[in-house]
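Hi,

Here is the structure I promised to pass on. Have a look at it first, and then read on for what turned up.

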Amino acid sequence: MKHTKKLASLLLALVLAFALAVPAFATGETGSITINDAVVEQTYTIYQILDLESYNASANAYAYKATSAWSAFINSDGIKGTYVEVNAQGYVTWKTGADAAAFAKAAQKYAKDNNITNQGSATATTTTVSFTGLDLGYYLVDTTLGTLCSLDTTNPNVVMEEKNEVPVNVKTVEEDSTGNYGEKNDADIGQTVNFKSTITAQAGAENYVFHDTMSAGLTYTGVTGITLNGTTVDASNYTVTAPAADGDTFDVTFTQAFCDTLKANDQIVISYTATLNENAVIAGAGNPNTSKVSYGDSSNTKYTPDSQTKTYTWDVDVFKYTMNSNTETALAGATFTLSKNADGSNPIALVSEGNNVYRVAKTGETGTVTEITTDATGKFTIKGLDADTYYLTETAAPAGYNKLAGPVTIVIGENGVVNGTTGAPQSVNEVKVLNQSGTELPSTGGMGTTVFYVLGGVLVVGAVVLLITKKRMGAEQ
């Protein structure tokens, strides 16, 4: 079988290796264990639990005794009388109907808890792993991949088929504009980002730990829930550590009792959140979040490949200008707000970073502004923006210039394209805003006022003449 998935947990294999043919003592005879379909890079370890003292294959008679390292295990409560019977001379027989898989798991735990010496260990470089020159007996084969029990009483050269697969971890992030989860998303600085990691578990899982590492632009805010095949997992089945001692942003460690309940292809979904912060990378490589799962024996821990998402945020450059002799000339003194509303309401709070650069403020951040006034360069940059439609509103024009009649629409699209389309991804390097000056009225030294002065003088003289004339006429009468 082909192993394209990554993870599962422990392979416990119980192998009974015997000689063939005539009655004989097993002394001097050796056998082998071969594992087909082994998983490359997984380590297989064998332990001899029972010695085969002698056997008679034709009579189906076998005499087993526990090895010195395993005598305490074989004679312990829960093993003796449940899985095996042990007589007064120490000979061991299998109890009819006993669960070989459960026995194997108990043996695997005993080996690790008591640091039992193994009889061989090999890391698979191909899909076949072989152990040769083994004393005949009853063996436990332990690996980080699930449980497989194989009992063979007819041949000292036993062939086992690896039937388990490694677990798989797939990380996704929510794009807020669609609600869909995928490999990337866009967000404003200060926005909550939702993540999900899905672990495809395998039977015989051992020491499952989920590891997550966030880049500097993401601030971890918590695990919001864990489900198994759609059903909420009780918090008693795992521990969340943040920050983790191993340098991860946070770890989720599942109890072994929970791991023991897992079946092949069970789906564990871990949901958690982060906030895009002021350290976020603008455009470029984005802000990665990486996860993986460790599993298996703590002395030989294995990891799934990294699974990564990226959260992007963008910026916009603005240039305020007027035309002077057909030349674009920067304008100082224009004041703007940026909003996601077409009427300019609820302007976005910003934080000045100096040099005409502003970033979107985080929730609750102090020292924020909503208006930007251009200096002599006529330029400013706003960064930390989601892919969305924005409205740049001029709230005050430079002295002597007309204020814009309406807002300037700015669209940040796929991959940070500004006022462009996917089909025309070149977009624009900066959003240019042109201001026109008002019409110049006649000045106080112009001919227009002179006419008024002359006309006024004439009227005054006329009035005086008229007044004198009337007085004379009255005197003559």
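Let me start with an aspartate. Leaving out residues up to four places away in sequence, aspartate 212 touches Lys171, Asp248, Thr249, Phe250, Asp251, Tyr272, Asn289, Thr290 and Ser291. Keep in mind that this is a predicted model.

Two of those neighbours also make polar contacts with the aspartate through their side chains. The one between aspartate 212 and asparagine 289 comes in at 2.7 Å, and the one between aspartate 212 and lysine 171 at 3.0 Å. Aspartate 212 belongs to strand 16, residues 209–214. Its relative accessible area is 0%, and under 20% counts as buried, so aspartate 212 is a buried residue.

Strand 21 covers residues 267–276 and is mostly covered, with nine of its 10 residues buried. How do strands 15 and 17 run relative to strand 21? Strand 15 (residues 192–200) is antiparallel to strand 21 and joined to it by nine bridges. Strand 17 (residues 218–228) is also joined to strand 21 by nine bridges, and that pairing is antiparallel too. There, leucine 218 stands opposite leucine 276 of strand 21.

Strand 31 is another one to look at. Six of the seven residues in 379–385 are buried, so strand 31 is largely enclosed by the rest of the structure. Strand 25 (residues 314–324) runs antiparallel to strand 31, with six bridges joining them; tryptophan 314 has leucine 385 as its bridge partner in strand 31. Strand 29 (residues 357–360) runs parallel to strand 31, with three bridges, and tyrosine 358 stands opposite isoleucine 382 of strand 31.

There is also an open sheet of three strands, in the order 9-3-11 and with mixed pairing. Strand 9 (128–135) and strand 11 (157–161) are the edges: each has a single partner strand, so one side of each is left without a neighbour in the sheet. From one strand to the next, the twist averages 15°. Strand 3 (residues 30–36) and strand 11 run parallel and are joined by five bridges. Serine 32 has asparagine 157 as its bridge partner in strand 11.

Now for the aromatics. Searching the whole structure gives 20 aromatic pairs. Phenylalanine 103 and tyrosine 138 have ring centres 6.5 Å apart and planes at 45°, so this pair is tilted. The pair links distant parts of the chain, with phenylalanine 103 in helix 2 (residues 100–113) and tyrosine 138 in strand 10 (residues 137–143), 35 residues apart. Phenylalanine 103 counts as buried at 1% relative accessibility, and tyrosine 138 is buried at 5%. By contrast, phenylalanine 319 and tyrosine 321 make a stacked pair, 5.5 Å centre to centre with 10° between the planes. Phenylalanine 319 is buried at 7%, and tyrosine 321 counts as buried at 11%.

Phe103 and Tyr138 also belong to one aromatic cluster, along with Tyr47, Tyr64, Trp70, Phe73, Tyr83, Trp94 and Tyr110. Two lysines have their charged ends over rings as well: lysine 65 over tyrosine 91, 4.5 Å from the ring centre, and lysine 292 over tyrosine 303, 4.7 Å from the ring centre.

Last one: which residues does glutamine 48 contact, leaving aside its neighbours within four places in sequence? They are Thr67, Trp70, Gln119, Asp135, Leu136, Gly137, Tyr138 and Tyr139. Of these, Trp70 and Tyr138 are members of the aromatic cluster. Glutamine 48 lies in strand 4, residues 43–56, and is buried with a relative accessible area of 8%. A polar atom of the glutamine 48 side chain is 3.2 Å from the backbone oxygen of leucine 50, and the side chains of glutamine 48 and aspartate 51 are joined by a polar contact of 3.0 Å.

Over to you!

Technical notes. Residues are numbered from 1 along each chain as its sequence is written. This is a predicted model: local features need pLDDT of at least 70, side-chain atom pairs count only at pLDDT 80 or more; totals for chains, interfaces and linings use all residues. Side-chain values use heavy atoms; hydrogens and water are left out. Two strands pair if DSSP finds at least two bridges between them. Helices (H or I, at least four residues) and strands (E, at least two) are DSSP runs, numbered from the N terminus. Axes are lines fitted to C-alpha atoms, for helices over the stretch in contact, and angles run from 0 to 180 degrees between N-to-C directions. Buried means under 20% relative accessible area, exposed over 50%, partly exposed in between (1.4 Å probe, protein chains only). Rings of Phe, Tyr and Trp (its six-membered ring) pair if their centres lie within 6.5 Å; planes under 30 degrees apart count as stacked, over 60 as edge-to-face and the rest as tilted. A charge sits over a ring if NZ of Lys or CZ of Arg is within 6 Å of the ring centre and within 35 degrees of the ring normal. A polar contact is a pair of N or O atoms within 3.5 Å; within protein, one must be able to donate a hydrogen and the other to accept it, and residues adjacent in sequence count only if both atoms are side-chain atoms. Contact means heavy atoms within 4.5 Å.
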